[in-house]
Structure formats: C-alpha cells, structure tokens
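Please find below a note on the structure under review. The points are numbered so that each may be answered separately.

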Amino acid sequence: METLKVKGMSCEHCVASVKKALENIPGLSQVKVNLQTGEASFANAGVERGKIREAIKKIGFEPGD
C-alpha cells in the first residue's frame with residue numbers, strides 16, 4: 001500500500017470526491033481516504049505518481065508527499 005497526503009479536505013464529501021477520483025485510475029485499487037490524517041492510501045499496480053497527483057489536483061485538492 002502506498003500513501004499520499006491530500007491537502008484541502010474538510011468534510012466527508014471531500015473524502016468521497018478524492019476516493020472516486022483515485023478509483024477511476026486504472027491500476028489503483030483498495031483506495032481508502034482518511035479525513036483525520038489527510039491521507040489517501042491505495043494499492044498501486046504501476047501507475048506513475050505524477051498521474052495520481054494530477055487526478056487530485058484536477059478535482060481541486062493539493063497532493064502532498
């Protein structure tokens with residue numbers, strides 16, 4: 001499992017938006033998003049980190065490290 005910080009989430013709707021965006025990327029599975037820690041975790045089958053970060057930016061959040 002990989003984790004990625006997601007800045008800007010403030011509610012469960014934000015969590016659902018990030019989860020949906022990541023689930024729509026082929027190669028990612030077991031997506032979990034935690035509002036308290038501000039992190040998304042997922043199993044990655046070879047998806048470039050830049051593509052994941054871009055999907056998060058596209059929906060209005062800021063990906064961290």
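**Note on the predicted model**

1. Among contacts in the protein chain between residues at least 6 apart in sequence, 57% join residues at least 24 apart; contact here means heavy atoms within 4.5 Å. The model is predicted: local features need pLDDT of at least 70, side-chain atom pairs count only at pLDDT 80 or more, and totals for chains, interfaces and linings use all residues. Residues are numbered from 1 along each chain as its sequence is written, and side-chain values use heavy atoms, with hydrogens and water left out.

2. Overall dimensions. The C-alpha trace of the protein chain spans about 30 × 20 × 20 Å along its principal axes.

3. Surface and burial. The accessible surface of the protein chain is about 4000 Å², and 48% of this belongs to carbon and sulfur atoms. Accessible areas come from the Shrake-Rupley method with a 1.4 Å probe; for residues, only the protein chains shown count as cover. Of the 65 residues, 37% count as buried. Buried means under 20% relative accessible area, exposed over 50%, and partly exposed in between (1.4 Å probe, protein chains only).

4. Secondary structure. The protein chain contains 2 helices and 4 strands, which follow the pattern β-α-β-β-α-β along the sequence. Helices (H or I, at least four residues) and strands (E, at least two) are DSSP runs, numbered from the N terminus.

5. The sheet. In what order do the 4 strands lie in the open sheet? The order is E2-E3-E1-E4, with antiparallel pairing. E2 and E4 are the edge strands, each pairing on one side only. Two strands are said to pair if DSSP finds at least two bridges between them.

6. The E2 and E3 hairpin. These antiparallel strands are joined by 5 bridges, and Ser-29 has Ala-43 in E3 as its bridge partner. The hairpin has 4 residues between the strands, and Gly-38 in it takes a positive phi near 70°. Ser-41 is located in strand E3 and is buried, at a relative accessible area of 16%. Not counting residues up to four places away in sequence, Ser-41 touches Met-1, Glu-2, Thr-3, Gln-30, Val-31 and Lys-32.

7. The pairing of E1 and E4. Here 2 bridges join the two antiparallel strands, and Val-6 stands opposite Pro-63 in E4. Lys-7, in strand E1, is partly exposed with a relative accessible area of 48%. Leaving aside neighbours within four places in sequence, Lys-7 is in contact with Phe-61, Glu-62 and Gly-64. The C-alpha atoms of Lys-7 and Arg-53 are separated by 11 Å, although these residues are 46 apart along the chain.

8. Helix H2. Which residues of helix H2 (residues 49–58) are buried? They are Ile-52, Ala-55 and Ile-56. Their arc around the axis is only 100°, which puts them on the same side of H2; the arc is that of the directions from the helix axis to the C-beta atoms. An α-helix has 3.6 residues a turn, so residues three or four places apart point the same way. The cover over the buried residues of H2 includes strand E1 (2–7), helix H1 (12–23), strand E2 (28–34), strand E3 (39–44) and strand E4 (62–63). Gly-60, which follows H2, has a positive phi near 100°.

9. Helix H1. Lys-20 lies in this helix and is exposed, with a relative accessible area of 56%. The C-alpha atoms of Lys-20 and Lys-32, 12 residues apart along the chain, are separated by 10.0 Å.

10. Cysteines. A search of the whole structure finds 0 disulfides, a disulfide being a pair of cysteine sulfur atoms within 2.5 Å. Cys-14 counts as buried at 10% relative accessibility, whereas Cys-11 is partly exposed at 32%.
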